[in-house]
Amino acid sequence: MTEVIVLNGGSSSGKSGIARCLQAVLPDTWLALGTDTLVDAMPASMQASDAGIEFAPDGEVIVGPEFRTLEAAWTEGVAAMARAGARIIVDEVFLGGADSQQRWQKALGDLRVLWVGVRCDSAVAAGREVARGDRVIGMAASQADVVHRGVVYDMEVDTTHAESMECARAIAAHAR
């Protein structure tokens, strides 16, 4: 039985919507945790610091050493929750592509993980970004492809034309 589902995709690709739909269609109780949860848990001073995480005016995300330290602790904590019996859906943005996945693979180690790529045409994601109003414009376009570089998936979904529930059902069919 799958213990962790990792959804990786760029900003505004539809990961959070898929995670909510997965919680509705999967048997048992699943926690949805994501990179936004980590960033929201950080003090505001970390969101405007060279050591923390910065959101540049063009949408680029720059992470510093203090962010990396907290991110490593976060990743290990999510893995510990899964080992303790919680089923986890991780809503993630692999800014470092394959290197980001390797950090998660190391932390999740012996757990049964379903790796899911969440793709979306960059123009569609950019339109969603504008409609959301809570993202730096340009983030969706800059992340659409880079987050998938070198990442190996068990399956991929594309939200360009598919709804979150349709994607969630496809993922749930693989989460055995």
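Reply: The protein has seven helices and seven strands. Helices (H or I, at least four residues) and strands (E, at least two) are DSSP runs, numbered from the N terminus. This is a predicted model, where local features need pLDDT of at least 70, side-chain atom pairs count only at pLDDT 80 or more, and totals for chains, interfaces and linings use all residues. Residues are numbered from 1 along each chain as its sequence is written, and side-chain values use heavy atoms, with hydrogens and water left out.

Me: What pattern does the protein follow along the sequence?

Reply: Read in order, β-α-β-α-β-β-α-β-α-β-α-α-β-α.

Me: How much of the protein counts as buried?

Reply: 47% of the 176 residues. Buried means under 20% relative accessible area, exposed over 50%, partly exposed in between (1.4 Å probe, protein chains only).

Me: Which way does S1 pair with S5?

Reply: Parallel, over five bridges; S1 is residues 4-8. Two strands pair if DSSP finds at least two bridges between them. Ile-5 has Ile-89 of S5 as its bridge partner.

Me: How many bridges join S2 to S5?

Reply: Five, and these strands also run parallel. S2 is residues 30-34. Leu-31 stands opposite Ile-88 in S5.

Me: New topic. Where does Cys-120 lie?

Reply: In the loop between strand S6 (113-119) and helix H5 (122-132).

Me: Is Cys-120 buried or exposed?

Reply: Buried, with a relative accessible area of 11%.

Me: What does Cys-120 touch?

Reply: Leaving out residues up to four places away in sequence, it touches Ser-13, Ala-125, Arg-128, Ala-144, Asp-158, Thr-159 and Thr-160. Contact means heavy atoms within 4.5 Å.

Me: And how far is Cys-120 from Gly-138?

Reply: Their C-alpha atoms are separated by 14 Å, with the two residues 18 apart along the chain.
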